[in-house]
Amino acid sequence: MEFEEAARIVEEVPPPHIPASRGQLLYEHIRKNRPENLLELGTARGGSAVFLASALEANGTGHLTTVDSTRWHWKDPTPQEVLEKAGLSHRVTFDKHFSTYTWFLKAEIEKCLNDDGSVRPEYDFIFLDGAKNWSTDGIAVVTMEKLLKPGGWLLLDDLGWNYEKHAADTPFHYEIEIAKLSPEERSEPHLRRIFDLLIRTNPVFDQFVIQDGWWGWARKSPDAGQLASGGVLSGRATDKVGGASSLRRYAGKARRGLRDPRRAAARLTGR
Ligand SMILES: C[S@@+](CC[C@H](N)C(=O)[O-])C[C@H]1O[C@@H](n2cnc3c(N)ncnc32)[C@H](O)[C@@H]1O
């Protein structure tokens, strides 16, 4: 399916969903990089799932698993109805077994545990567009990284979002009582802190791109497998493989990625 058709379908879907301009970046990334196994955290009515699944359809291969919570029910239309109408259901699995996608990720880690205690990564691309809260999304990115294959990309939405500015008209945001948050928790952008403090500091990532202050991309180094049993967040700390010198090597690569964000941005979409 062409991007324009996907955009026409998503235009009919009530919010929340990403705008078509970002849908196009998603679509082009999937077309260019051809990831096979995709994971989305935060389905809502399936808008971004349409962009992802339509690109997979155009590739002629690949599958998306999209996860949401048992706590909220998106209707009129449901995401299943949206994907069915778009003719893309065969590319998508919906998961709504748990109250939070962090528990889904915990179950995935259990599923992917090797006998030697390491985790077998299974996704080529992971898109996080959910709670926008440090406590939920902080643990989410730590577990997401374990499930991401070397060479795969993580994408975080809402880097600039904060409670004070973007949830000013509601006492609760996904069951977080805003009045009970500290002033810093209300004013700081949680996803941006997650990107800077948990992702950029993790040496398994070697490229970073921030678009419009809102989308944060991070690539897991294609060589990260070598680090898998000794990396900071990627495996057993006791293993000898990937000691201090290889950590330093990856940290150097990460810094080089940060210095050249435009080249890295071009690699994302081919533009
Ligand atoms: C902004 S919407 C997602 C929009 C969607 N990605 C799109 O562009 O069409 C955020 C979604 O995250 C879900 N969500 C929020 N916190 C969650 C959690 N802890 N676990 C699972 N889903 C969560 C909400 O139910 C909602 O569907």
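Axes here are lines fitted to C-alpha atoms, for helices over the stretch in contact, and angles between N-to-C directions run from 0 to 180 degrees. The structure shown in every view is a predicted model.

**View 1. Packing of helix H1 against helix H3.** Two packed helices are described by the angle between their axes and the distance between the axes. H1 spans residues 3-11 and H3 spans residues 47-59. Their axes lie 9 Å apart, and the packing angle is about 165°. H1 is therefore roughly antiparallel to H3, since angles over 145 degrees count as such. The crossing of the two helices, H1 and H3, is right-handed.

**View 2. Residues in the contact of H1 with H3.** H1 contributes Ala 6, Ile 9 and Val 10. From H3 come Gly 47, Val 50, Phe 51 and Ser 54. By class, the residues of this contact are five nonpolar and two polar, with no charged residue.

**View 3. The shell around the ligand.** There are 19 residues around the ligand. Those that come nearest are His 17, Gly 42, Ala 44, Gly 47 and Ser 48. Gly 47 is also one of the H3 residues in the contact with H1. The shell is made up of eight nonpolar, nine polar and two charged residues.

View 4. The chain has 271 residues, of which 42% count as buried. Among contacts in the chain with a separation of 6 or more, 73% are between residues 24 or more positions apart.

Methods:
Residues numbered from 1 in each chain as written. Predicted model: local features only at pLDDT ≥ 70, side-chain atom pairs only at ≥ 80, totals over all residues. Helix = DSSP H or I, 4+ residues; strand = E, 2+ residues; numbered from the N terminus. Parallel < 35°, antiparallel > 145°, perpendicular 65-115°, else oblique. Left-handed = near helix turned anticlockwise from the far one by under 90°. Contact = placed C-beta atoms within 7 Å. Nonpolar A, V, L, I, M, F, W, Y, C, P; charged D, E, K, R; others polar. Near = placed C-beta within 6 Å. Buried ≥ 20, exposed ≤ 12 C-beta atoms within 10 Å, placed from the backbone.
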